Structure formats: C-alpha cells, structure tokens
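This report considers how the parts of one protein model pack and pair with one another.

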Amino acid sequence: MSIAASPERFDTMVETLIVGAGACGLVAALAAREAGQSVLVLERDAVPAGSTALSAGLIPGAGTAQQAACGVADSAALFAQDIQSKAGSENDPAHVKTLADASGPAIDWLTSAHGVPLTLVTDFDYPGHSRRRMHGVPSRAGRDLINVLRSRAEALDIDIICDRHVPTLFARNDRITGAQADRPDGGADLVGCARLILASNGFGGNRDMVRAHMPEIAEALWFGHGGNQGDAVSWGQALGADVSHMGAFQGHGNVAHPHGVLISWAVITQGGVQINSDGKRFWDESQGYSEAARAVLEQPGGIAWTIFDTRIAAIARQFADFQAAEACGAILTADTLGGLAAKIGVPADPLAQNLSAHCPFGRDFSGCQPLAPPYCAVRVTGALFHTQGGLRVDGRARVVKSCGTALPNLYAGGGAAVGVSGAGDAGYLSGNGLLAAVVLGRIAGEDWPDPQKDLD
C-alpha cells in the first residue's frame, strides 16, 4: 500500500470516495448520499460482504425506539459506562462518548429512513451489557444485513464497483486527492475525490502484522475476511497519522471445529459451560466470548466442548449460523450425561461432577436454569475475528495525525479506526465491531470539509 503524488488528471471525479463495501462503507454511502453528495464505493471482492457478512450482524444501540417499545430503559451514558467497565477504562472517554451517544440515533435512522428491518434481541443477555441493546435483522445473520444495506444503496443509485483493489492513494500535502483502482483486466482507473472514507477494516488477515502486534493470538484460526490486510493503517501512517491500541482484538472461543461455524454465545449466557478433553471446566465463561478464544486455545489440542441443553438450543436456533451447525452435524445430543460423554469421548464422571458442582472459577449462575436432559455438545476452538486497534479519529471520524491535528479530508470507520475495546481482547464488549462500523460510518458520511476548497 502506498501514498503517491497527485497525478495531473483523474479518469473520473467524485465528491465522496469510499474504500470498502462492508457495513461501514455502505452506511457511510447512505449518509453521504442523504447529505446530497456524489458517492462512489470501491470494493475488492466480487460482491459486498466484508467481515460483517461473517458475523451475526448485531449492532448495539442505546435509547432506541425498539428498546422503548420493549420496555427497556437505556441511555447513552449507561452504554458508555458499560463499554469502559468491560475495557477497564482503557479507552479514550471522548471516543467512547461519540460512539455511545450516536448509537441509538444510528439504529433509529437505519430503520426509519432506510427501512433496515432491525429488531431488538430480547430473549438473552450479552456479557457486559447491563441492558438489552443488541439489534439485528430477523435472521441474525451479518450477510443478510449486508444484503439489505446494499439493496438500499442500489435503490438510491449509489455506485458500488466491485472487483476493484485499491493499492495507492494520491495526496497533495495533507490532503487526499484520489485513489488508484485496479481492474481485473490488469488496467487501472484513477479516481479523484473531494474526500476519502477508509472502510477497509483492520489487519487480522495480515499474519505479519498480527504476529507483530498480538502474538498471543497469531496461531489461532482466522475467522475474519481475507481482505483485512491493514491497508488503512499503512496509508494513514504514511501520512503521519496516529494509531492506538494495536494489540486489541476480538476473539471468539465458540467456533465449531472442524466445521468452521460460529456458535452463538447465547448457549453460554443461558447456562451452558465449556469443558476440555478431560471433561473438566477450565475458566469462568461469563467473562465473554472474546477472551474465550485464548482460554480454549490453552486447552489440549486447542479444543474444548461447549455443553448446553435442548432448551438453550431452541433459543440459539434464531441464529442462521446455529441452524447451519445443526444441519452439518456439529451439534451432538444425548438423553443422559453418560451418553453425551460417550459421544464426545470424555470421561463420564468428571463431566457429571463439573456440571453439578459449584463453579471453581467463580461463575455466578443465578438467573440461569440448570442444564437438563436432553443434553447438547459442540466441539469448538478459538479464533481471531477482527482487530480492534487502528487509526485514531476525532469526533467527526477524521483521521488524526500524531501531532494531534486532523487530516482535512481523510476519514476512517469500523476496523480501520481504533475501537473501544481497550488494549487487548478482554475489553471487547459484544457488538463493538459493528458499533464502530455503523456509527463512524454514518458520522463520516454526513460530515463534509470545505467543498469548494476540496474540489479546486
């Protein structure tokens, strides 16, 4: 990835150029078009997808109309408090406030102005959230969220050009003037712009960068998008931009193995547990699914079994991924614990003792129904989902230089920008990834530098 001097002429000009057509890029495009700007989105894949399509597509928002309709009393201040509590107050308070304050309005805007069918998850709680504030499309599948956003963008005649890899940005002094878009035929188009929004996510697919910044998860299964190569960080640093919390990431310790299907953490929050190949518990699962990745990978063979029951399975079945796991035979069931132990190949006595005894790691099961037959199990491993460190941005989503001033027409959102998950994995609060994607995408799309100056 490189920064080059601005060429004498461009093949085409646009006011707002967006690199990446995941949730962040598409939301930014909707906001920019709504603000009256001409918009072009460049996507390296054959169809828009990104990391969003690999997720459950859940967006946290505080004080939404959906919450009010369901009787959930919430506020941006409480949400910010939850974010900081999970991250041990390692986040920039101003950045947290920006995301928390704008989260509810962003959800309401997507549903009311653009018809995105977001509904509130009301039948289980996510770790660290003191209120139910996760919103998703009915299928609870990120790929369906992307498809809805793409359809809306197409309905508004927003140009999304796929199969376009962007290797180079052009700049004059601190101002971005355009980008090079490589075509599949080997040619390239030079696209000039008044401003650029980086929505190309983080660097989880770049193994060298992962080893350099987060060696503890470097050998884990990569469950994110292969295009997350750290382009935004590389471009930003070449322009003197500041980065923050480069060791932060979202892991997940509940990916069905070897099937490679995400198992909703609802199976844990509703009373499920994790055991190793010896049939023993090995940590307090209520801490969260991000830190579960390392906990699972530390077990023999980097493998664990998640144990739950058919009552919990019925709740998890609202997620398309869980349905897929059932369809491919990843979910095993038995009428007795002994039968389950035989199916998964662990000693029966330790399994029964670990499910009936008080949790040795201090997990509080109050509010959870005890597991009851029939029982379920799924073999899981730990995975890296996406990075949470990135370019520092201001309250307008503009990329900030190391000296503290903002680059005038370069914006970043989603995984390209630093998140609000603290410095490691334990600070990740459910939904932080799409929170930064949707909120910063909308803020960046709505903002506008001096248009006359930028178009000259």
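Predicted model: local features only at pLDDT ≥ 70, side-chain atom pairs only at ≥ 80, totals over all residues.

The largest nonpolar core has 76 residues. The residues with the most contacts inside this largest core are L17, L110, L149, L196 and L198. As a general background, nonpolar side chains in soluble globular proteins tend to be buried together.

## Helix α4

Which residues make up helix α4, and what length should they span? Helix α4 comprises the 22 residues 93-114. At 1.5 Å a residue, they should span 32 Å, and the end C-alpha atoms are 30 Å apart, which agrees.

The helix has a kink of about 40° at S103, shortly before the proline P105. At the start of α4, the backbone nitrogen of A94 has a side-chain oxygen of D92 within 3.1 Å. Just after the helix, G115 takes a positive phi of about 70°.

Several residues of α4 are buried, including H95, V96, L99, A100 and S103. Further along the helix, G104, A106, I107, W109, L110 and H114 are buried as well. Against which elements do the buried residues of α4 pack? Their partners are the helices α1 (23-34), α3 (76-86), α5 (142-155) and α14 (432-446), together with the strands β4 (59-60) and β6 (134-136). In general, an α-helix has 3.6 residues a turn, so residues three or four places apart point the same way.

## Salt bridges

The structure holds 20 salt bridges. Side chains of opposite charge can pair when their charged atoms come close.

| Pair | Distance, N to O | Relative accessible area |
|---|---|---|
| R211 and E219 | 3.8 Å | R211 42%, E219 68% |
| E285 and R363 | 3.0 Å | E285 0%, R363 5% |
| R396 and D447 | 3.0 Å | R396 33%, D447 14% |

In the salt bridge of R211 and E219, R211 is partly exposed, whereas E219 is exposed.

The side chains of E285 and R363 also meet in a salt bridge. E285 lies in the loop between β15 (273-275) and α9 (289-297), and R363 in the loop between α13 (348-356) and β18 (375-387), so the pair ties together parts that are 78 residues apart in sequence. E285 is buried, and R363 is buried too.

The salt bridge of R396 and D447 links distant parts of the chain, 51 residues apart. R396 is in the loop between β19 (390-391) and β20 (398-400), while D447 is in the loop between α14 and α15 (451-455). Elsewhere, salt bridges that share partners join D74, D82 and R133 into one network.

## Three residues in loops

A62 is found in the loop between β4 and α2 (65-69). At 6% relative accessibility, below the 20% limit for a buried residue, A62 counts as buried. A62 and H252 are 190 residues apart in sequence and 24 Å apart in space, C-alpha to C-alpha.

H129 has its place in the loop between β5 (119-120) and β6. With 9% relative accessibility, H129 counts as buried. Beyond residues up to four places away in sequence, H129 touches P60, F79, D82, M134, L429 and S430.

H225 lies in the loop between β11 (221-222) and α7 (231-238). This residue counts as buried at 14% relative accessibility. With which side chain does the side chain of H225 make a polar contact? The partner is the side chain of D45, at 2.4 Å. Leaving aside neighbours within four places in sequence, H225 is in contact with D45, G50, S51 and L54.

Definitions and conventions
Residues numbered from 1 in each chain as written. Heavy atoms only, no water. Core = buried A, V, L, I, M, F, W, Y, C linked by side-chain atoms within 4.5 Å. Buried < 20%, exposed > 50% of the residue type's maximum accessible area, 1.4 Å probe, protein only. Helix = DSSP H or I, 4+ residues; strand = E, 2+ residues; numbered from the N terminus. Expected span 1.5 Å × (residues − 1). Bend = angle between axes of the 7 residues up to and from the residue. Contact = heavy atoms within 4.5 Å. Polar contact = N/O pair within 3.5 Å; in protein donor to acceptor, adjacent residues only side chain to side chain. Salt bridge = Lys/Arg side-chain N within 4 Å of Asp/Glu carboxyl O.
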